[in-house]
Amino acid sequence: MTRRVVVTGVGLVTPLGTGTDITWKNLIAGKSGIRRISYFDAVDKGMACTIAGEVPDFDAEQYINRKDARKMDQFIQFGVAASMMALEQSGLVIDESNAERVGVAVGAGIGGLVTIEKTMRAYDAGGARKISPFFIPQTIINMTSGWVSMMSGAKGPNVATVTACATGTHAIGDAFEIIARGAADAMIAGGTEACICELGVGGFSAARALSTRNDEPERASRPWDKDRDGFVMGEGAGVLVLESLESAKARGAVILAEVIGYGMSGDAYHMTSPSPGGEGGGRCMKAAMNRAGINPEDVDYINAHGTSTPAGDVAETQGIKSVFGDHAKKLMVSSSKSMTGHLLGAAGGIEAAFSVLAVHNGVVPPTINLDNQDPECDLDYVPHEARQANIKVAISNSFGFGGTNASVIVRKFD
Amino acid sequence: MSAEIEAKIIKIVGDQLNVDEGEINPDSSFVDDLGADSLDTVELVMAFEEEFGVEIPDEDAEGIQSVQNAIDYIAAKAE
């Protein structure tokens with residue numbers, strides 16, 4: 001038995017705003033959320049990259065009481081806030097009758113790096129007595145799912161994926177399968193991340209992964225453009241409420257889209273470089289289509305991983321072409337990372353949400369900054385401006401360090 | 001001196017446990033009256049150490065369960 005799964009709630013905290021409506025509005029307006037880093041003096045610290053997508057206007061206490069908020073690293077605060085938004089939109093009431101059938105799966109790629117950095121400094125200066133008793137619970141990745149369960153009462157499966165930049169997509173895909181196989185009726189699922197700190201930016205810089213277009217922050221994330229030079233870090237969270245179709249129908253919920261497929265694969269190739277020809281990502285998309293029981297021709301839109309790295313953008317393009325054949329040219333493929341930056345473990349969460357909103361609203365988000373398309377990247381990337389299109393089926397791709405790939409497929413719900 | 005210590009302690013407790021300072025008395029127990037859990041009490045002691053520039057060994061910290069305990073302990077250390 002496999003059950004149908006739908007999306008009934010979306011929660012977003014992104015560099016384009018705190019909240020789903022403001023994020024979506026800025027996204028389809030083609031606005032960039034990338035700015036000079038304000039959290040620390042990246043220039044003074046000698047960082048090669050001094051820009052990032054920080055979340056504007058986030059007030060944790062709007063979602064979390066002050067005492068609890070103090071015990072959470074910011075990545076947990078973002079994840080909890082997005083979860084509460086998604087739950088509120090879904091209208092799902094968790095009480096004794098259903099608590100054990102509602103689960104949580106909000107992962108992160110890095111975890112509480114900001115708190116780790118701060119605590120190490122306190123320890124170096126003052127010794128072991130300066131380590132907070134909340135240090136471990138503040139920083140471990142599954143604590144977002146823990147807090148969401150404590151705050152919502154969800155007593156079903158409680159897990160947290162950690163697959164680098166594929167985290168959010170794996171979390172949502174795994175939650176989809178948990179519901180499909182009957183192990184829960186609803187899941188609060190997605191990804192969260194907040195590691196725009198010295199070690200985070202310094203670490204990705206050292207790996208030569210980040211753009212150094214520091215003098216033009218809003219133009220730095222430019223997937224598929226000839227002059228792209230790496231990704232730009234973002235932060236935030238994207239969480240969905242997934243629910244069995246029966247459960248959503250029984251309570252008369254508004255259904256935003258149906259999740260119909262999920263695929264995974266491993267590159268077995270390199271720590272940080274994509275496999276040649278994007279074959280790992282290609283197999284992943286194919287697996288998701290097989291799970292959905294659809295053909296390549298059925299797909300209208302791909303929300304690409306599209307991070308704006310020289311190698312990754314070409315590999316994904318090649319992977320898409322190898323799997324979709326002639327249909328590749330008819331697909332719309334866009335990278336919302338051109339506007340949000342790369343939210344790492346949260347990327348799959350926000351991008352699954354964007355895919356849901358794209359099929360629900362009939363609008364495809366653009367790829368901004370695509371001024372001179374790389375000849376090796378020759379698909380329809382929806383440059384510069386969002387496109388009205390009555391799309392039915394969308395794939396959201398995420399690929400992570402370690403050669404881990406995930407694709408989720410959503411379909412317009414009629 | 002003691003009044004000053006009391007005011008500072010009540011402020012720290014109010015901040016950390018998110019309790020209105022008006023609701024905090026010297027008799028208030030951190031756990032029973034102010035909603036603290038075991039980790040909160042550890043962190044409170046760290047905050048007292050920071051504020052008053054003292055070191056509170058774990059065996060002493062176990063005895064600090066209320067606002068009054070904290071006031072007495074800090075006052076004794078200050079002498």
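Reader: Which residue of chain B forms a salt bridge with Arg129(A)?
Author: A salt bridge here is a side-chain nitrogen of Lys or Arg within 4 Å of a carboxyl oxygen of Asp or Glu. For Arg129(A), the closest N and O atoms are 2.5 Å apart. The partner is Glu49(B).

Reader: What conventions apply?
Author: This is a predicted model, where local features need pLDDT of at least 70, side-chain atom pairs count only at pLDDT 80 or more, and totals for chains, interfaces and linings use all residues. Residues are numbered from 1 along each chain as its sequence is written, chains are lettered from A and ligands numbered from 1 in the order in which they are written, and side-chain values use heavy atoms, with hydrogens and water left out.

Reader: How many salt bridges does the rule find across the interface of chain A and chain B?
Author: The contact (heavy atoms within 4.5 Å) takes 12 residues from chain A and 19 from chain B. Across this interface, the salt bridge count is 6.

Reader: Are α1(A) and α13(A) roughly parallel or roughly perpendicular to each other?
Author: Helix α1 (residues 20-28) and helix α13 (residues 347-361) of chain A have axes that come within 12 Å. These axes, lines fitted to C-alpha atoms over the stretch in contact, cross at roughly 75°. Angles of 65 to 115 degrees count as roughly perpendicular. The helices are therefore roughly perpendicular.

Reader: Which residues in α13(A) meet α1(A)?
Author: From α1(A) come Thr20(A), Thr23(A), Trp24(A) and Leu27(A). They meet Phe354(A), Leu357(A), Ala358(A) and Asn361(A).

Methods:
Axes are lines fitted to C-alpha atoms, for helices over the stretch in contact, and angles run from 0 to 180 degrees between N-to-C directions. Helices (H or I, at least four residues) and strands (E, at least two) are DSSP runs, numbered from the N terminus. Angles under 35 degrees count as roughly parallel, over 145 as roughly antiparallel, 65 to 115 as roughly perpendicular and the rest as oblique.
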